[in-house]
Amino acid sequence: MILNINNQDYDINVDPDMPLLWVLRDILGLTGTKYGCGIGFCKSCTVLIDGNAEQSCLIPVRFIGTKKITTIEGLSDDGSHPLQKAWVEIGVSQCGYCQPGQIMTAAALLKKKPKPTIEDINSEMSDNICRCGTYNKIRDAIILASKE
Amino acid sequence: MNEKNNISRRRFIFGSALTFAGIVSGFTSSDKALAELIITGDGDNKIMSFAPSVWVEITKDNQVIITIARSELGQGVRTSFSMIVAEELDADWDLVRVRNAEGDSKYGNQSTGGSTSIRTFWQPLRIAGAQAKKMLISAASLIWGIPESNCYSEKSFVYEKNGNRKLSYGELVDKALTLPVPPANSITLKKFTEFKILGKTKWNYDEPDIVQGKAKYGSDFRIEGIKYAVILRCPYISGSLQSFDDKDALKVKGVLGVYQLSEGIAVVAENSFAALEGRNALKVTWKKNSDFSSEDIRKEWIDRIGTLPNLPANTSKFIEGIYEVPFLAHTTMEPMSAFAKFSDGKCEIWAGTQNPQTARTGVANALGISNANVRVNVMLSGGGFGRRHDNDYIIMAAKISKASGYPVLFFYTKEDDIKNDDYRPASIHVVKAGITIDGKPSGWIQKVISQGDVSPNNPIYDIPNITNQTASRSFGIRTGPWRSVDYTQNIFVNESLMDELAHLAGKDPYLFRFELTKDTRLKNVLKLVAEKSNWGSNLPKGWGRGIAAFVGYGAYIAHVVEVSVSEEGKLKIQKAYAVVDPGFAINPGNVKNQIMGAAIDAFSTALNTEITIKNGEIQQSGFNNFRWLTMEDVPDFDIDIINTSETPSGMGEVGFPSVTPALCNAIFNATGIRIRKLPIAYTSLISNVEKKTSIDNNVEFEAIPIPFESSFKLFIKLKRWNQSKLSITIIDLLGKKILETAIELSGSRYYGEFNLPSVASGTYYVLFSDGIDSYSYPIMKK
């Protein structure tokens with residue numbers, strides 16, 4: 001089957017029930033998308049599918065079809081996405097493991113709502129778990145990015 | 001930033017994983033006569049560098065490579081260690097590259113725990129930077145034929161004073177290699193007033209990689225021919241394997257083999273999904289060797305309370321009580337994982353770990369090979385919190401690689417991780433403390449009962465007649481270090497009890513503490529946090545404010561937490577104030593990040609999380625029933641740093657202990673309800689509503705059984721109502737909706753059954769409304 005990931009077509013031959021997460025990480029080596037819980041409760045594995053934030057651990061690859069997938073590696077070529085720049089500028093990350101999922105969730109939010117309110121951010125981001133407790137900084141970074 | 005990271009990756013990240021830098025003159029040490037010449041393969045180029053110690057290398061292309069011998073868990077050690085070396089070296093920060101030390105005794109103690117990294121390495125790393133700088137200045141002075149005193153260093157260059165000659169550190173490598181390494185006692189370190197890097201915020205060195213998905217954690221290790229492995233472990237505490245059948249597992253496409261280890265049954269496959277599918281297909285019979293539940297533990301511990309001694313005769317009033325704290329899992333974001341490649345009698349490991357030295361010895365012992373034949377390479381950890389002191393996952397990876405013959409990435413699922421953790425110990429604290437007639441503490445007695453892994457801490461205030469006792473009864477539940485270790489329980493108890501004593505004495509909880517210490521650093525953090533939080537000022541109705549303090553890890557901290565509790569019992573943490581005195585803050589921005597993160601950790605565990613056991617089995621399995629706070633639940637923070645000395649302290653853990661009691665003291669201030677049992681979810685915070693409805697006497701409400709196991713029957717009868725349609729909502733203590741439904745009253749009554757099998761234990765509130773009047777009742781899930 002052909003998957004379009006980060007604007008590139010990949011011809012892959014895998015069990016169609018394999019969740020997208022493992023296709024990305026094990027088959028294609030795109031390890032920026034993280035495995036956190038595998039059951040849809042932490043959102044570390046968030047990618048964009050046709051621009052929507054989706055949990056790659058829950059989606060069997062056979063459901064993707066021709067939809068376009070964007071992973072953290074494809075958010076920008078060089079870390080220049082406003083969210084990536086904001087994260088670096090105000091120093092969000094501690095261990096950093098959940099942050100690709102946080103950034104992808106925020107990217108989908110900014111696409112829908114370029115100027116989100118604090119309530120918008122809280123409500124959109126409140127399924128993403130950060131075990132280090134960087135939530136306040138994540139929110140600040142999203143606000144900063146939305147001003148660009 | 002990108003260029004910088006590409007360079008560091010080219011040299012250090014695992015493109016060249018299994019081929020390492022050649023060190024020409026053997027291993028380095030700071031008292032050796034000459035610096036090391038290190039040659040690193042870099043495609044067609046050879047980069048040469050000089051290393052006066054194991055901590056710092058300077059390459060001919062003018063990079064500074066700093067070796068970090070403690071593990072990055074999110075506490076910022078890669079950044080802060082680099083800052084220390086770069087400061088004394090006068091390095092250009094943009095030319096600094098960071099590499100992790102492999103597990104090796106030449107680096108000293110590599111155990112990342114107890115918030116010791118900065119305190120242990122502060123002096124050695126400063127000396128290492130200054131030694132290298134001194135040699136580079138010597139090299140320039142020899143090349144130029146001028147005295148060293150006519151040379152100075154700045155941003156990776158040596159300059160001639162009053163001249164225009166300059167040489168980069170890279171250009172000085174050849175000459176520096178011929179010079180003796182100056183002994184540590186000949187080194188002059190900078191004055192604090194001369195610092196250019198230290199004391200100013202540098203954000204996480206790895207941030208540019210993290211935000212692009214390029215940062216590599218243990219579970220991200222990939223190599224040609226890699227296979228993936230998972231393990232099925234016995235679900236019962238102290239249980240064992242009886243028999244297993246792997247026929248179906250081996251039929252799963254992609255499964256390469258099934259191997260029995262002492263830890264369980266391992267499945268190796270071409271990818272993670274196949275490994276998990278193969279594991280699902282295993283048929284295993286386990287033997288249960290114990291059948292106890294959390295209530296049995298509690299009962300046996302309560303039985304060991306005995307009789308506490310008497311308080312002194314001058315006691316006029318006293319408090320007696322039992323505080324309880326549960327087991328906790330670490331649940332790092334990244335479940336435990338490790339890469340192992342065993343071949344030709346040697347084993348190579350790539351993993352996040354808090355102790356690569358014990359991992360090395362553990363692997364060597366498990367495989368029956370010598371330490372010299374094991375190399376443990378340290379990668380980023382997706383959180384540690386103490387969990388990665390136990391290298392069980394690394395040892396399993398090594399065993400599976402040996403058994404299967406494959407290079408394997410072994411990983412736990414989140415459920416494996418929660419069920420096979422080294423838990424934060426549970427404990428029961430029986431306390432008795434009194435005050436004299438003039439409101440001063442008269443005595444303090446605390447007895448801690450646990451599996452034998454918790455003992456009391458003395459209060460940090462001037463309290464006479466302290467008696468500490470312990471008792472234990474083990475149930476074979478694995479426990480281990482968990483962020484802030486015993487302080488997580490003890491400071492909750494001590495600082496809550498201080499609050500109880502203050503109220504007993506009729507004194508303000510802040511002033512009560514302030515007047516009971518002569519330690520000026522403690523007084524100062526208390527005083528400033530009281531000022532910042534406007535302690536004593538009026539709060540809105542339903543709000544409360546609590547204070548607590550902690551001294552440890554070389555630092556002082558005080559917290560004030562503000563909460564509100566609604567009439568429905570809904571708790572909101574409104575604001576948290578912290579004042580920390582770290583001695584000297586190396587990296588102030590990161591200090592604040594750590595203090596904030598630790599507080600959120602403490603709020604989460606105080607409110608919601610616990611590990612419970614039923615019939616010998618851990619009941620929690622994921623983030624659904626071991627819940628962490630998310631963005632909408634966290635308060636705003638106001639964090640201040642007081643620098644008081646020239647000695648920095650550890651910041652990874654100090655921010656946790658006093659948060660829990662400050663929160664519970666705030667709840668008491670708001671509601672009059674004293675939290676003595678964690679998590680708080682066990683306590684109903686409804687105070688006003690019950691009173692109101694009983695006066696009103698309009699409602700009959702019954703939920704059966706309470707506490708309920710997975711479902712309960714609800715009976716509601718209203719004497720008068722506005723509409724026959726009732727909306728029923730079940731919320732948790734933070735007001736999150738668990739269930740929402742609308743029902744018709746049949747006459748004045750409603751009967752129904754509610755199923756909540758997958759929610760965590762604790763208090764929930766049944767809210768119902770006929771559109772005008774609304775009512776709230778607590779229910780409890782076992």
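Let's start in the middle of things: the largest nonpolar core here has 256 residues, and those with the most contacts inside it are I349(B), A397(B), F410(B), I557(B) and L663(B). Its largest share, 12 residues, comes from helix α3 of chain B, residues 117-144. Chain A takes part too, since domain 1 (2-75) and domain 2 (82-146) of that chain each give this core at least three residues.

A quick word on terms. A nonpolar core is a set of buried Ala, Val, Leu, Ile, Met, Phe, Trp, Tyr and Cys residues joined through C-beta atoms within 7 Å. Buried means that 20 or more other C-beta atoms lie within 10 Å of a residue's own; exposed means 12 or fewer, partly exposed is in between, and the C-beta atoms are placed from the backbone. Helices (H or I, at least four residues) and strands (E, at least two) are DSSP runs, numbered from the N terminus.

Please keep in mind that this is a predicted model: local features need pLDDT of at least 70, side-chain atom pairs count only at pLDDT 80 or more, and totals for chains, interfaces and linings use all residues. Residues are numbered from 1 along each chain as its sequence is written, while chains are lettered from A and ligands numbered from 1 in the order in which they are written.

Back to the core, then. What does F410(B) touch? Leaving out residues up to four places away in sequence, F410(B) is in contact (C-beta atoms, placed from the backbone, within 7 Å) with A229(B), S337(B), A338(B), A340(B), Y393(B), M396(B), A397(B) and I400(B).

Helix α15 (588-607) and helix α16 (659-671), both of chain B, pack at an angle of about 55 degrees, with axes 8 Å apart. The axes are lines fitted to C-alpha atoms, for helices over the stretch in contact, and angles run from 0 to 180 degrees between N-to-C directions. α15(B) and α16(B) are therefore oblique to each other; under 35 degrees would count as roughly parallel, over 145 as roughly antiparallel, 65 to 115 as roughly perpendicular, and the rest is oblique. On the α15(B) side the contact is made by A599(B), A602(B), F603(B) and A606(B), and on the α16(B) side by V659(B), T660(B) and L663(B).

Now chain A, which is divided into domain 1 and domain 2, with bounds from an automatic or database domain assignment. Their C-alpha centres lie 20 Å apart, and 16 residues of domain 1 are in contact with 14 residues of domain 2. On the domain 1 side, the largest share, 3 residues, comes from β3(A).

Last, some backbone details. Most residues other than glycine have a negative phi, and most peptide bonds are trans. K43(A), however, has a positive phi near 65 degrees; K43(A) sits in the loop between α1 (20-27) and β3 (46-49) of chain A, and counts as buried because of its 27 C-beta neighbours inside 10 Å. Y553(B) has a positive phi near 55 degrees, and with 23 such neighbours Y553(B) counts as buried.

Where is P705(B)? P705(B) is in the loop between β29 (699-704) and β30 (711-718) of chain B, and the peptide bond from I704(B) to P705(B) is cis, with omega near -10 degrees. P707(B) lies in the loop between β29 and β30 of chain B, and a cis peptide bond joins I706(B) to P707(B), with omega about 0 degrees. Thanks, everyone!

Notes:
Contact = placed C-beta atoms within 7 Å.
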